[in-house]
Amino acid sequence: MDFQGFKQELKEYLKVKKLETFTKNQVWTLEKKYLEYLIKTIGKCERCGRIDRLTIDHIIPKLLLAQLGVDIEREFDEENLQLYCYACNQYKNYRLDFAIPKTKELLLKYINKL
């Protein structure tokens with residue numbers, strides 16, 4: 001099953017169970033499926049172009065999201081994810097990178113949720 005189909009199936013499951021958020025395991029599985037999807041569609045690091053050791057990078061780091069009050073264990077936002085190789089992901093670490101055009105937009109989105 002592809003990422004979009006899997007995500008839709010989980011959303012329907014939430015409706016049936018009358019739940020508002022994903023479980024921790026469902027978020028982890030969504031991120032794993034999204035990584036597979038990005039590898040198939042993009043196939044290289046969005047920063048340096050490498051094709052090996054690809055990982056998910058959070059444009060707005062999870063640590064900062066937690067400080068903003070976002071329940072990072074139950075919220076899945078694919079807009080906040082990008083495909084980076086392991087080296088670029090480690091280099092960026094827990095910092096905001098305003099060279100990425102989406103950074104400011106996403107940060108404002110999360111701040112407006114407060």
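The model is predicted, so local features need pLDDT of at least 70 and side-chain atom pairs count only at pLDDT 80 or more, while totals for chains, interfaces and linings use all residues. Residues are numbered from 1 along each chain as its sequence is written, and side-chain values use heavy atoms, with hydrogens and water left out.

Helices and strands are DSSP runs numbered from the N terminus (helices H or I, at least four residues; strands E, at least two). Helix α1 covers residues 3-17, 15 residues in total. The expected span of a helix is 1.5 Å times one less than its number of residues. For α1 this gives 21 Å, and the end C-alpha atoms are 21 Å apart, which agrees.

Burial was assigned from relative accessible area (buried under 20%, exposed over 50%, partly exposed in between; 1.4 Å probe, protein chains only). Phe3, Phe6, Lys7, Leu10 and Leu14 of α1 are buried. These residues cover an arc of only 100 degrees around the axis, and therefore lie on the same side of α1. The arc is taken from the directions from the helix axis to the C-beta atoms. Lys15 and Val16, on the other side of α1, are exposed. The cover over the buried residues of α1 includes α2 (24-41). Contact here means heavy atoms within 4.5 Å.

The cysteines were examined next. A search of the whole structure finds 0 disulfides (pairs of cysteine sulfur atoms within 2.5 Å). Cys48 is in no disulfide; its nearest cysteine sulfur belongs to Cys88, 3.7 Å away. Cys48 counts as partly exposed, because its relative accessibility is 38%. For Cys88, the closest cysteine sulfur is that of Cys85, at 3.6 Å, which is too far for a bond. Cys88 counts as buried, because its relative accessibility is 5%.

The structure holds 6 salt bridges (a side-chain nitrogen of Lys or Arg within 4 Å of a carboxyl oxygen of Asp or Glu). One of them joins the side chains of Glu73 and Lys24, at 3.3 Å from N to O. This pair links distant parts of the chain, 49 residues apart. Glu73 lies in the loop between α3 (62-67) and β2 (81-85), and Lys24 in helix α2. Glu73 is partly exposed at 40% relative accessibility. Lys24 is exposed, with a relative accessible area of 51%.

A salt bridge also connects the side chains of Asp57 and Lys92, again with an N to O distance of 3.3 Å. Here too, distant parts of the chain are linked: Asp57 sits in strand β1 (residues 54-58) and Lys92 in helix α4 (residues 86-92), 35 residues apart. Both Asp57 and Lys92 are buried.

Lys109 forms a salt bridge with Glu79, with the closest N and O atoms 3.2 Å apart. The two residues are 30 residues apart and link distant parts of the chain. Lys109 belongs to helix α5 (residues 102-112), and Glu79 to the loop between α3 and β2. Lys109 is partly exposed, with a relative accessible area of 27%. Glu79 is partly exposed as well, at 35% relative accessibility. Asp77 joins Glu79 and Lys109 in a network of salt bridges.
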